[in-house]
Amino acid sequence: CEPDLAYYGKPRSLSAQDEPEPETALLGVVSDSHGRVPQTRAAIHMLEAFAVQAVIHCGDIGSPEIVRLFSGWPTHFVFGNVDLDYQTELRTAIRDAELTCHDRFGQLELAGRRIAFLHGDGYGGWAEQSPFDAIIVTAAPIDIPRRLFEQLADEGRLVIPTGPAGSQQLLLVTREADELQKSLLDWVSFVPLKEGLHSAII
């Protein structure tokens, strides 16, 4: 199983003329690497192809070796349930790599946007902090959870994989009043989102 990876945009070359404008930023979101170095290297190559400028690892890091793979970017880590027995080692690895550890809940500002992230029940979202301008889900329910849609601001966007294993679509969902507009971004493969269990959201 590959680490979960969410992103906006299309792959770009790394030439100078293709660099984003200074007022924009491309953010990569990864979760559930579970200490799997070869699979995480594949995710790293994708982040490099998209020329992201910062990375969030949304938990279930799994080992200090994973942390070091992200030293090419300013990377922000939160802990998932898999990490709870290894927090000391992971904090040390994150500090030594000069990256940022947020423990269980993280906040940052990028290109003028405030971003909050955690490893939790993706079905429930985070109602007490809503509405949100954007939500990214990195595990796949069969259908879009109504509670996530309800937590979007008007014109807010939800990026979410949906569908059964082997036939999942990465969707961009935009809220327009009480209606949702869906567009297909790609065909993907994510771990299932199970209500009441851990799954990463941003």
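Let me state the basis of what follows. This is a predicted model, in which local features need pLDDT of at least 70 and side-chain atom pairs count only at pLDDT 80 or more, while totals for chains, interfaces and linings use all residues. Residues are numbered from 1 along each chain as its sequence is written, and side-chain values use heavy atoms, with hydrogens and water left out.

I begin with the whole protein. There are 4 helices and 12 strands; helices (H or I, at least four residues) and strands (E, at least two) are DSSP runs, numbered from the N terminus. Of the 202 residues, 45% are buried. Buried means under 20% relative accessible area, exposed over 50%, and partly exposed in between, with a 1.4 Å probe and protein chains only. Taking contacts (heavy atoms within 4.5 Å) between residues at least 6 apart in sequence, 56% join residues at least 24 apart.

I turn next to strand β10, residues 168-176. Is this strand enclosed or open? Because 7 of its 9 residues are buried, β10 is largely enclosed by the rest of the structure. Two strands pair if DSSP finds at least two bridges between them. β10 pairs with strand β9 (residues 152-162) in the antiparallel sense over 6 bridges, and Leu158 stands opposite Val173 of β10. These two strands form a hairpin with 5 residues between them, where Gly163 in the turn has a positive phi of about 110°. β10 also pairs with strand β11 (residues 179-188), again in the antiparallel sense, over 9 bridges. Here Leu170 stands opposite Asp186 in β11. The hairpin of β10 and β11 has 2 residues between the strands, and Ala177 takes a positive phi near 60°.

Now to helix α3, residues 87-96. Which residues of α3 are buried? They are Leu90, Ala93 and Ile94. They cover an arc of only 100° around the axis, which puts them on the same side of α3; the arc is that of the directions from the helix axis to the C-beta atoms. An α-helix has 3.6 residues a turn, so residues three or four places apart point the same way. On the other side of α3, Thr88, Arg95 and Asp96 are exposed. The cover over the buried residues includes α2 (64-69), β4 (75-77) and β5 (100-101). Just after α3, Glu98 takes a positive phi of about 60°.

Finally, the aromatic rings. Rings of Phe, Tyr and Trp (its six-membered ring) pair if their centres lie within 6.5 Å; planes under 30 degrees apart count as stacked, over 60 as edge-to-face and the rest as tilted. The structure holds 3 such pairs. Another edge-to-face pair joins Phe105 and Trp126, at 4.9 Å and 75°. This pair links distant parts of the chain, 21 residues apart: Phe105 is in strand β6 (residues 105-110), and Trp126 is in the loop between β7 (113-120) and β8 (132-136). Phe105 is partly exposed, with a relative accessible area of 31%, whereas Trp126 counts as buried at 16%. Ring pairs link Phe105, Trp126 and Phe132 into a cluster. Thank you.
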